[in-house]
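Take a walk through the structure below. We start with aromatic rings, move to a helix and end at the ligand.

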Amino acid sequence: MADRVLLGIETSCDETGVGLVRLGGDGSVRLLADAVASSVDQHARFGGVVPEIASRAHLEAMEPTVRRALDEAGLRLSDVDGVAVTAGPGLAGALMVGVSAAKAYAAALDVPLHGVNHLAGHIAVDTLENGPLPPRCLALLVSGGHTQLLLVEGVADRIVEIGSTIDDAAGEAYDKVARLLDLPYPGGPPIDEAAKRGDPAAIAFPRGLTGPRDPEYDFSFSGLKTAVARTVEQDQHAGREPAVHDVAASFQEAVADVLTAKALRAARDHDVDALVISGGVAANSRLAGLARERCAAAGVQLRVPRPRLCTDNGAMIAALGAHVVAAGHGPSPWDFAANPGLPVDAITVR
Ligand code: KG4
Ligand code: ZN
């Protein structure tokens with residue numbers, strides 16, 4: 001089989017991502033370009049993503065971002081052999097912009113179009129950095145929109161959700177706690193920074209769903225957020241400045257502790273020896289550190305793509321598209337629609 005160039009388009013949230021990868025005849029997948037335009041600054045004053053603003057920003061950024069990716073790869077549009085696009089899950093209007101653009105590019109180029117799953121893309125992207133995945137592995141997806149533990153038996157073939165958050169996503173908890181502490185949005189990076197100067201044992205924040213009768217692999221962060229709010233309020237009532245560094249460090253410790261403990265428990269119970277951590281929160285220094293420690297102790301291989309590939313991007317969708325093609329799965333029908341609630345076991349739209 002000759003080499004094939006796959007174009008990937010991602011618009012599920014506030015990042016317009018366009019990636020290019022080369023699928024080799026030997027099944028290897030190599031990153032050629034990764035261009036991202038973010039509308040995050042336009043959402044900052046609202047403290048969260050505003051769907052309508054995101055959709056408009058995707059529309060404006062699409063064509064220039066495709067151009068940028070092609071320039072980065074030194075390719076022309078006519079070099080593209082197939083298009084992959086995020087079909088879901090995500091924001092309906094935002095997804096629709098990407099799906100429409102992908103259909104237009106694929107139709108104009110007369111190449112196959114693959115509607116694919118955003119969550120599977122977060123896992124597939126790891127192969128660009130760390131090579132082929134083992135036949136079975138576990139993935140912990142942690143971002144502003146998702147917190148999931150997934151059992152992966154072929155990233156293009158079978159992904160089973162074994163746990164997820166029952167309330168806030170991990171990144172969402174970071175964003176809400178940042179707001180309580182008067183730190184900017186998105187809250188992950190400033191809390192990570194503030195935590196470096198705080199004591200992670202200063203406040204014993206609750207670890208959600210870790211009781212003996214709680215679901216083993218599900219997560220809950222709303223109780224933690226409320227506990228932080230109460231701590232901040234108590235400081236305010238007492239006329240004290242909130243101990244931002246200690247609160248940040250203790251909050252971060254609680255999040256990293258629960259995420260890694262549950263991931264490693266799942267790895268042990270499902271007898272897998274590789275863990276992929278992806279999504280924006282994978283950039284967190286304490287999560288990475290604690291995961292490294294606990295994986296080493298358990299004999300589990302830890303795979304974390306570089307931060308740029310962990311946050312939403314088009315390369316992850318191009319990479320998944322390449323794995324879908326390599327697995328011999330056919331294209332999606334031309335009339336498929338974006339699906340905001342696409343379940344994780346629907347890796348491609350058929
Ligand atoms: O994957 P992503 O870019 O977008 C989606 O939500 O899909 O993730 C963004 C989230 C935000 O909630 C942000 O606060 C969080 O990732 N984040 C972090 C860090 N960097 C970004 N959370 C903790 N520590 C970080 N260093
Ligand atoms: Zn994502």
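**Rings, a helix and a ligand**

Tyr174 is buried, at a relative accessible area of 2%. The model is a predicted one. Phe251 is buried too, with a relative accessible area of 0%.

How many aromatic pairs does a search of the whole structure find? The search returns 2. Tyr174 and Phe251 form an edge-to-face pair, because their ring centres are 4.9 Å apart and their planes stand at 75°; planes over 60 degrees apart count as edge-to-face. Tyr174 belongs to helix α6 and Phe251 to helix α9, so this pair ties together parts 77 residues apart in sequence. The rings of Phe219 and Phe221 have planes at 5° and centres 6.3 Å apart, so they are stacked. Both of these residues, Phe219 and Phe221, are buried.

Next comes helix α8, residues 222-237. It has 16 residues and spans 22 Å from first C-alpha to last, close to the expected 22 Å. Its buried residues are Leu224, Ala227, Val228, Ala229, Thr231, Val232 and Asp235. An α-helix has 3.6 residues a turn, so residues three or four places apart point the same way. The cover over the buried residues of α8 includes α6 (170-180) and α9 (244-269). Just after α8, Gly239 adopts a positive phi of about 75°.

Now turn to ligand 1. It has 19 residues around it, and Gly144, Asp175, Gly188, Gly280 and Asn284 come nearest. An oxygen atom of ligand 1 is 3.1 Å from a polar backbone atom of Gly171. For Gly188, a polar backbone atom lies 2.9 Å from a ligand 1 oxygen. The side chain of Asn284 places an N or O atom 2.9 Å from a nitrogen of ligand 1. On its own, ligand 1 has 550 Å² of accessible area, and the protein covers 88% of that.

Technical notes
Residues are numbered from 1 along each chain as its sequence is written. Chains are lettered from A and ligands numbered from 1 in the order in which they are written. This is a predicted model: local features need pLDDT of at least 70, side-chain atom pairs count only at pLDDT 80 or more; totals for chains, interfaces and linings use all residues. Side-chain values use heavy atoms; hydrogens and water are left out. Helices (H or I, at least four residues) and strands (E, at least two) are DSSP runs, numbered from the N terminus. The expected span of a helix is 1.5 Å times one less than its number of residues. Buried means under 20% relative accessible area, exposed over 50%, partly exposed in between (1.4 Å probe, protein chains only). Contact means heavy atoms within 4.5 Å. A residue is near a molecule or strand if one of its heavy atoms lies within 4 Å of it. A polar contact is a pair of N or O atoms within 3.5 Å; within protein, one must be able to donate a hydrogen and the other to accept it, and residues adjacent in sequence count only if both atoms are side-chain atoms. Accessible areas come from the Shrake-Rupley method with a 1.4 Å probe; for residues, only the protein chains shown count as cover. Rings of Phe, Tyr and Trp (its six-membered ring) pair if their centres lie within 6.5 Å; planes under 30 degrees apart count as stacked, over 60 as edge-to-face and the rest as tilted.
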